[in-house]
Amino acid sequence: MMRLGTAVPSLIRPPGVCVPASRIDDGSVAAVELKGIVKRFPGVIANDDVNLTVAPGTVHALVGENGAGKSTLMKILYGMQHPDEGTITIGGERVEFKSPTDAIRHGIGMVHQHFMLADNLTVLENVILGYEPTRFGVIDFDGARRRIEELTELYGLPVEPDVRVERLGVGDRQRVEILKVLFRGATTLILDEPTAVLVPQEVDELFDNLSDLKSQGITILFISHKLDEVLTVADDITVMRAGTTVAARKPADVTSHQLAELMVGSELPTPETRESTVTDQVCLELSGITVCREDGRPDVDDVSIEIHQGEIVGIAGVEGNGQTQLIAAIMGTTTTRSGSISLDGDDITHWPTRRRREAGLGYVPEDRHRHGLLLDAPLWENQILGHQTQEPNARGPWIDRRAARARTEELVEQFDVRTPTIDVMAGALSGGNQQKLIIGRELMAGPVAMIAAHPTRGVDVGAQAAIWDQLRDARHDGLATLLISADLEELIGLSDTLLVIYKGRIVARLDPAATSPEELGSHMTGAAAAGGAG
Amino acid sequence: MKKNWKLQAAAPILALVGAAVIAGIILAATGNDPGDVLQVIVDDGFETRRVVDTLNRAAPYYIAGVAVAIGFKMTLFNIGVEGQYRLAALVAAWAGASVNLPAPLHVLFILMVAVITGAAWAAIPGLLRATRGVHEVISSIMLNSIALGLGAFLLHRWFRAPAGEYPGAVGTEVLPTPGRLPLLNGLVEKLGVDLPPGTRLQSYIFIALIIGVAYHLVISRTRFGFDLRASGSNPEAAEASGVDPKRMVVVTMVLSGAVAGLIGLNNVMSNVGDQARYTDVSVVGGLGFTGIAIALLGRNHPVGIALGALLWAFMDALQTPLSSAQLPKQITAILQGVAVLSVVIAYEVVRRIEQRQQASSLRRDSEPPPASEVAPA
């Protein structure tokens, strides 16, 4: 794909956006200015005196914990909600949005976290869907194609207009979403947690795209709670906490630790594990585990791991290096080519999943919605899931509803799951509370060994600290934990032993106390194993 | 939080009122007086004769609804109930006429043959789905045709009674008396209800009742039922929890087919001399498809399915009095169809309202998290 950065941006700007009014530091007109925004829902103030000024042609990051009011604010800016108080000014013009259509008319576009694309249509068809340009009453595909080619060249967004969306990867889909918004004439893009679904390489590509967009005068509002990314990509950062904007910083003047403290409002907990509780007794042992794809290539290649009672073994690795298949092999949801697994002295290599669960194998899945919860079932039934044959949930062939409910009440209390009752559907809880429910469910079953895959992914800082505490307590009580995570600080802080997986093989065994995140990072990319920087 | 029962009750009532209004409009538009139809329903619909007729008709509908609902509970669409019950009724009728056993054993024997035949026929799409990934809708629709053809072949080649032995359609031999289900007329009359002459209350309704209770217990009270519902709700999470997904598909299809096997037996096992046999008249077609509508009407709930089956049967039973009053009996079919659509729509509306209520009550309870609580020092 060619990149021509020299075309005229005004071609695609809708007219009448640039009316000078309120000015910011360097004298330019703010692309977006929110002043004193208040939004109340019954019983709760979602936004309280929010002030946000976004300079044109910059990437402005909005950070905050889950529930800090970021989403509400963006919905207000995109016309999906109406503020009770306060003003919105776009390019100097005071506006009131009745619907997203009004927002789009003023050049505001939103790229949602979950893509809204029709798989069986082409990129071109998706881009024009709902905004079809017509000539003589029929869709003007040629005009649309020219327009899309213009946009892709101008903003360096390489997409093929005639490929079906179902054949695109996540990164490409995201570019199509961005293109869709630009096609509607957006000059300010709201990106809602755009990196949540991307792998690291795709994140880099996205950031390249964002800087191209910026250089062409597009303004970007970037919502995230991944602070390192925010520091990389943003020109300005606004922090929200408990419904209000609490700080505005330049990335040069702040560290991710300081940002996190601003988000939480007090000093941060660290994932450090103190004195060692590792014993001699091996609880979970993998030896020579190999898992192959259908074409015979190995996803997991001759992996041997020993986890002792009271030990947390951390596995670091770039996603897609065999972690998922390794977990599946331990859980018994995939077949292994060779090798053996033993749990608490029993050879479980050929046991079905249920028997492994009953023998005391706990599981915190990497994707809690897909593998960990029944979203349309109440919390107490979710507490049963994975333990439906075990005490106290089962009595003979029957489910013991009363005991299961009592256990759930206990869990909610003990693990601080914030919910009005245990009859709430699991899907209605926030991510952090869902995760606390899963961790609680697994730990209360008294496991011998547990797989914890990305235990704090996508949860807010408060829940993260609580989960770390629980994992540490369980370790102290003798649990053998296999921790798989992408959060290097978490890995280094919690693990007693640190292994690095690369292309399905364990390539390094490190002492977390003597390992820096940088060192770990170089092992993860295979650079250290190759014996040089490559 | 507890389910809002007022909201739950509002949905079916709204749906029925909506269906009645639409039917009224259609009647008026076709030059009939909706009042006349209502008159017939009120005057005639609740006569003892009609109530007995409704109950007898509702029982097979109920069993069909449960058979379909078992599949629905784990998002399996057993559209093959039709073929399963017709084949099962034929084989059971033939087997029942070929043996001589004491009364309760003979009845049990016939029921078992029906259950096993239905289960075996349903196992085919189950196994195809589990081992080859063939979608059960495709395979079971095709198996419906095969079941009809196979049934006709079996009947004409081996199972049919000698020509001329019984009046009427081609069919199997008549069941011996010990293999027939007794009538409940005597029991009802002991309870002080006088049945008009010629009405027969079949004890087959007890089979429906037992199926209903068993369905409820298995689905919502057992480990197996939990596994089944979990697989329907989130197959991947169910697998991680220890459910073998392939086995679950087969077992669910087999269970659904086993229940389906019982659908067509009400007339085959009736206590009326020449009728206690398999013919194309005594085992009517289409019950399997009606079962889909009834499972939808009843939202897969044991009581809901019962209400749906009763409503459907009531509409059927009204056809005779409507005809004799020179009114279009087709209005009952329209009402049945409109009722299914209105129920589906009404429940979806209620579901969304509930979801919104739940979400807003959660917001009240937990958002925004006070910063002091969120951060342990």
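This is a predicted model: local features need pLDDT of at least 70, side-chain atom pairs count only at pLDDT 80 or more; totals for chains, interfaces and linings use all residues.

Analyst: Residues are numbered from 1 along each chain as its sequence is written, while chains are lettered from A and ligands numbered from 1 in the order in which they are written.

User: How many helices and strands are there in chain A?
Analyst: Helices (H or I, at least four residues) and strands (E, at least two) are DSSP runs, numbered from the N terminus. By that count, chain A has 17 helices and 24 strands.

User: How many helices and strands does chain B have?
Analyst: The C-alpha atoms of chain B fill a box of roughly 90 × 55 × 40 Å along the principal axes. Inside it, the count is 16 helices and zero strands.

User: What percentage of the residues of chain B count as buried?
Analyst: Buried means 20 or more other C-beta atoms within 10 Å of a residue's own; exposed means 12 or fewer, and partly exposed lies in between, with C-beta atoms placed from the backbone. In chain A, 48% of the 534 residues count as buried. For the 377 residues of chain B, the value is 46%.

User: Which domains is chain A divided into, and how many Å separate the centres of domain 1 and domain 3?
Analyst: Domain bounds come from an automatic or database domain assignment. Chain A has domain 1 (9–264), domain 2 (269–360 + 447–529) and domain 3 (370–446). Taken over C-alpha atoms, the centres of domain 1 and domain 3 of chain A are separated by 37 Å.

User: How many residues of domain 1 of chain B are in contact with domain 2 of chain B?
Analyst: Chain B is assigned domain 1 (7–32 + 330–357) and domain 2 (61–305). Their centres, over C-alpha atoms, are 29 Å apart. A contact requires C-beta atoms, placed from the backbone, within 7 Å. Four residues of domain 2 of chain B are in contact with residues of domain 1 of chain B, and these number five.

User: What percentage of the contacts in chain B with a separation of 6 or more is between residues 24 or more positions apart?
Analyst: In chain A, among contacts between residues at least 6 apart in sequence, 69% join residues at least 24 apart. For chain B, the value is 75%.

User: How many Å apart are the end C-alpha atoms of helix α3 of chain B?
Analyst: The expected span of a helix is 1.5 Å times one less than its number of residues. Helix α3 of chain B (residues 48–73) has 26 residues, so it should span 38 Å. The end C-alpha atoms agree with that, at 36 Å.

User: Where does α3(B) kink?
Analyst: A bend is the angle between axes fitted to the seven residues ending at a position and the seven starting there. In α3(B) the kink is about 30 degrees.

User: Why is α3(B) largely enclosed by the rest of the structure?
Analyst: α3(B) has 26 residues. It is largely enclosed because the number buried is 20.

User: At what angle do α3(B) and α11(B) pack?
Analyst: Residues meeting across this pair include I63(B), V66(B) and I70(B) in α3(B), and T252(B), L255(B) and V259(B) in α11(B). Axes are lines fitted to C-alpha atoms, for helices over the stretch in contact, and angles run from 0 to 180 degrees between N-to-C directions. The axes of α3(B) and helix α11 (residues 245–260) of chain B are 8 Å apart, and the angle is about 175 degrees.

User: Which label does that angle give the pair?
Analyst: Angles under 35 degrees count as roughly parallel, over 145 as roughly antiparallel, 65 to 115 as roughly perpendicular and the rest as oblique. So α3(B) and α11(B) are roughly antiparallel.

User: Where does α14(B) bend?
Analyst: Helix α14 of chain B covers residues 302–324. A proline, P321(B), follows the bend within four residues. The bend is about 30 degrees, at L318(B).

User: Which residues does Q390(A) touch, not counting those up to four places away in sequence?
Analyst: Q390(A) is in the loop between α12 (379–384) and β19 (394–395) of chain A. Having 17 other C-beta atoms within 10 Å, Q390(A) is partly exposed. Its partners are E358(A) and A445(A).

User: Which peptide bond is cis?
Analyst: P392(A) lies in the loop between α12 and β19 of chain A. Omega is near -10 degrees for the cis bond from E391(A) to P392(A).

Conventions: Two residues are in contact if their C-beta atoms, placed from the backbone, lie within 7 Å.
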